[in-house]
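Have the model open and follow along.

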Amino acid sequence: MSVSVKSVTKLYGQQRALDNVSFEIGTGQIAGLLGPNGAGKSTMMKIICCYVPQSEGQVSVAGYDTINNSIEVRRSVGYLPEHNPLYLDMYVKEYLAFVAGIYIKSKLIEARVKEMIDITGLGLEQRKKIGELSKGYRQRVGIAQALIHNPQVLIMDEPTSGLDPNQLAEIRSLIRNIGKEKTVILSTHIMQEVEAICDRVLIINRGKIVADDTAEMLRKNAAVENVYSVEFSEVADINILKAIEGINKVNSLSGKSFKLHSNSNADLRPEIFRIAVENKYTVISMMKEEQKLEDVFQQLTTGKK
């Protein structure tokens, strides 16, 4: 496994920032690390990057222990922080060459910088000063510097925050391509981002991992009720809908549109349609709503349903 975390605890005085956390992430996976503010996400990323040591447990990156082989771990990790620190007065190509010089031999720098400019789509911007770039292109520069030494693991903190829809789509596509060959850990508060990019979701709350699965399975397993949105062409009697077996609550959005709530695991759409036909209601639309990842997140981190 590229990243292995076993029974990790981190203490700041008497406060447990992380409490017996364990997980593994392999090559070719993009894992979303989610959690409310103060849950322990940043602490976990700092431990993986060797910025701070754990109090207990073991962490290895690309087979190297973060305590005993921290130099090798740092060589194996690329990191893009939330507030992308760049030298705004440097030109893009100049900056990437500067960063590359920290990691690789001089004779290899030019070729590696060219490769990263091609991968991150910075070709037209490479001769501009970083301070002249849009936020989307600055994020590309940040990703390029994080990958310049060809690490096995890439860690990104809020990589798409503040981007416009076009920039968002471009950065998402870039991250997905990177994730085909590397291990990517992505921390974000944007649930749509996780669903669009991540193969796997880890939710941390109060220092503990409370969920570890795909977004689809988290939604499925956390569902406490099914909700059906139904629209008729005629005004329907809400009492007829309430009487449908398995329906425990009906909200009327108008005389013709309703939300039907059920705790039953059975799909009630055929029965709803049968009742509609029996009462001469014409069904214009009927949809079983999927639970959103945001709802699952709230359930797991606040207990609200």
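## Two loop residues with positive phi

Glu-158 sits in the loop between β7 (153-157) and α6 (165-178). Keep in mind that this is a predicted model. Glu-158 isn't a glycine, yet its phi is positive, at about 50°. As a rule, most residues other than glycine have a negative phi. Is Glu-158 buried or exposed? With a relative accessible area of 6%, Glu-158 is buried, because anything under 20% gets that label.

Now jump to Lys-280, which you'll find in the loop between α10 (269-278) and β14 (283-289). Lys-280 is another residue other than glycine with a positive phi, near 60°.

## The chain as a whole

Zooming out, the protein chain has 11 helices and 14 strands. Its C-alpha atoms fill a box of roughly 80 × 50 × 30 Å along the principal axes. What radius of gyration does the protein chain have? The value is 25 Å, whereas a compact globule of 305 residues would come out near 19 Å.

As for burial, 47% of the 305 residues count as buried. Now take the contacts between residues at least 6 apart in sequence: 66% of them join residues at least 24 apart.

## Ala-17, a buried spot in a strand

Ala-17 belongs to strand β2 (residues 15-25). With a relative accessible area of 11%, Ala-17 is buried, because the limit for that label is under 20%.

Which residues does Ala-17 touch, leaving out those up to four places away in sequence? The list is Lys-10, Tyr-12, Ala-39, Gly-40, Thr-43 and Gly-207. Take a look at Gly-207 in particular: it is 190 residues from Ala-17 along the chain, but the C-alpha atoms of the two are separated by 5.2 Å.

## Helices α3 and α4

Next up is a helix pair. Helix α3 (residues 92-103) and helix α4 (residues 106-119) have axes that come within 9 Å and cross at roughly 125°. That angle is why α3 counts as oblique to α4. The crossing of α3 past α4 is right-handed.

Who makes the contact? From α3 come Lys-93, Leu-96, Ala-97, Ala-100 and Gly-101, and from α4 come Ile-109, Val-113 and Ile-117. Sorted by class, the contact of α3 with α4 has 6 nonpolar, 1 polar and 1 charged residues.

## Helices α5 and α6

The other pair takes us back to α6, the helix at the end of the Glu-158 loop. How do the axes of α5 and α6 cross? The axes of helix α5 (residues 135-147) and α6 come within 10 Å, at a crossing angle of roughly 15°. With that angle, α5 is roughly parallel to α6, because angles under 35 degrees fall in that group. α5 also passes α6 in a right-handed crossing.

On the α5 side, the contact is made by Lys-135, Gly-136, Gln-139, Arg-140, Ile-143 and Leu-147. On the α6 side, the partners are Gln-167, Glu-170, Ile-171, Leu-174 and Ile-178. By class, the residues in the contact of α5 with α6 divide into 5 nonpolar, 3 polar and 3 charged.

Definitions and conventions:
Residues are numbered from 1 along each chain as its sequence is written. This is a predicted model: local features need pLDDT of at least 70, side-chain atom pairs count only at pLDDT 80 or more; totals for chains, interfaces and linings use all residues. Side-chain values use heavy atoms; hydrogens and water are left out. Axes are lines fitted to C-alpha atoms, for helices over the stretch in contact, and angles run from 0 to 180 degrees between N-to-C directions. Helices (H or I, at least four residues) and strands (E, at least two) are DSSP runs, numbered from the N terminus. Angles under 35 degrees count as roughly parallel, over 145 as roughly antiparallel, 65 to 115 as roughly perpendicular and the rest as oblique. A crossing is left-handed if the near helix is turned anticlockwise from the far one by less than a right angle, and right-handed if clockwise. Contact means heavy atoms within 4.5 Å. Ala, Val, Leu, Ile, Met, Phe, Trp, Tyr, Cys and Pro count as nonpolar, Asp, Glu, Lys and Arg as charged, and the others, Gly among them, as polar. The radius of gyration is taken over C-alpha atoms; the globule rule is 2.2 Å times the number of residues to the power 0.38. Buried means under 20% relative accessible area, exposed over 50%, partly exposed in between (1.4 Å probe, protein chains only).
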